[in-house]
Amino acid sequence: MTADRDAPERIAWEGRWIVAKQRGRWEYVSRARSIRAAVVLAVEDGHVLLVEQYRVPLGKPCIELPAGLIGDDDSGPDEDPLAAAGRELEEETGYRAAVLEDAGEFWSSPGMVSESFTLVKARGLTKTGEGGGVEGEDIIVHRVPLSDIERFVAGARADGKAVDVKLLLLLGARLLRD
């Protein structure tokens, strides 16, 4: 592993949003221009806000926590993760949060992707609109009772939808019980 760690990084391909890289024997992908993401855990009154969006790499809709890129609007790469999370929450779900709390940085698939995201907890939710994302996103909003999350996820899978790994956050207690 030391040989891989000490090997020079080589860019195999670079697009507008992602870069395919190689270091030693490892091939992996990173975000271009050091772009990061914010993921929002919006739980209130025993309900969680989830979004459903078609994901081209999967070829089907995916059930996810609301999320978006930091600095992908006019604010630039120095956008505050909490500001990005608040903007994305409202764009995608139609809810505004009174309180946004940074819950830390996480890596989604460290063996294949160098991307990290900031997990943001949202509280004090107020409905401001219908959500659905920006033009072309066609996001469907789901406000799911936490007590029903297992059934909701099972139903989504039965309908052929993908389920984002971050939903383990909501299913974790059940998985530990069994």
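By salt bridge I mean a side-chain nitrogen of Lys or Arg within 4 Å of a carboxyl oxygen of Asp or Glu. Please keep in mind that this is a predicted model, where local features need pLDDT of at least 70, side-chain atom pairs count only at pLDDT 80 or more, and totals for chains, interfaces and linings use all residues. Residues are numbered from 1 along each chain as its sequence is written, and side-chain values use heavy atoms, with hydrogens and water left out.

Now the domains. The chain is divided into domain 1, residues 1-32, and domain 2, residues 35-176; such bounds come from an automatic or database domain assignment. Seven residues from domain 1 and seven residues from domain 2 make the contact, contact being heavy atoms within 4.5 Å. The C-alpha centres of the two domains lie 27 Å apart.

How much area is buried between domain 1 and domain 2? About 700 Å², with carbon and sulfur atoms giving 57% of it. Buried area here is the accessible area (1.4 Å probe) that two parts lose on being put together, summed over both. On the domain 1 side, Trp17, Val29 and Arg31 supply 63% of the area buried against domain 2, more than any other three residues. The rule finds one salt bridge across this interface. There are also four residue pairs in polar contact between the domains, both residues being at pLDDT 80 or more. A polar contact is a pair of N or O atoms within 3.5 Å; within protein, one must be able to donate a hydrogen and the other to accept it, and residues adjacent in sequence count only if both atoms are side-chain atoms.

Next, helix α2. Helices (H or I, at least four residues) and strands (E, at least two) are DSSP runs, numbered from the N terminus. Helix α2 covers residues 81-93, and its 13 residues should span 18 Å at 1.5 Å a residue; the end C-alpha atoms are 18 Å apart, which agrees. The expected span is 1.5 Å times one less than the number of residues.

At the N-terminal end, Asp80 caps α2, with a side-chain oxygen 3.1 Å from the backbone nitrogen of Leu82. After the helix comes Gly94, whose phi is positive, near 80 degrees. The buried residues of α2 include Ala84, Arg87, Leu89 and Glu92, and the buried set packs against strands including β4 (36-44), β8 (95-107) and β9 (116-127). Buried means under 20% relative accessible area, exposed over 50%, and partly exposed in between (1.4 Å probe, protein chains only).

Is Glu79 buried or exposed? Glu79 sits in the loop between β7 and α2 and is buried, because its relative accessible area is 9%. The Glu79 side chain makes a polar contact with the side chain of Arg87, at 2.8 Å.

Ala20, in strand β2 (residues 18-23), is partly exposed at 23%. Beyond its neighbours within four places in sequence, Ala20 is in contact with Arg10, Ile11, Ala12, Trp13 and Tyr28. Leu146 lies in the loop between β10 and α3 (149-158) and is partly exposed at 33% relative accessibility. Its contacts, with neighbours within four places left aside, include Val43, His47 and Leu170. Leu146 and Leu170 are 24 residues apart along the chain, and their C-alpha atoms are separated by 7.8 Å.
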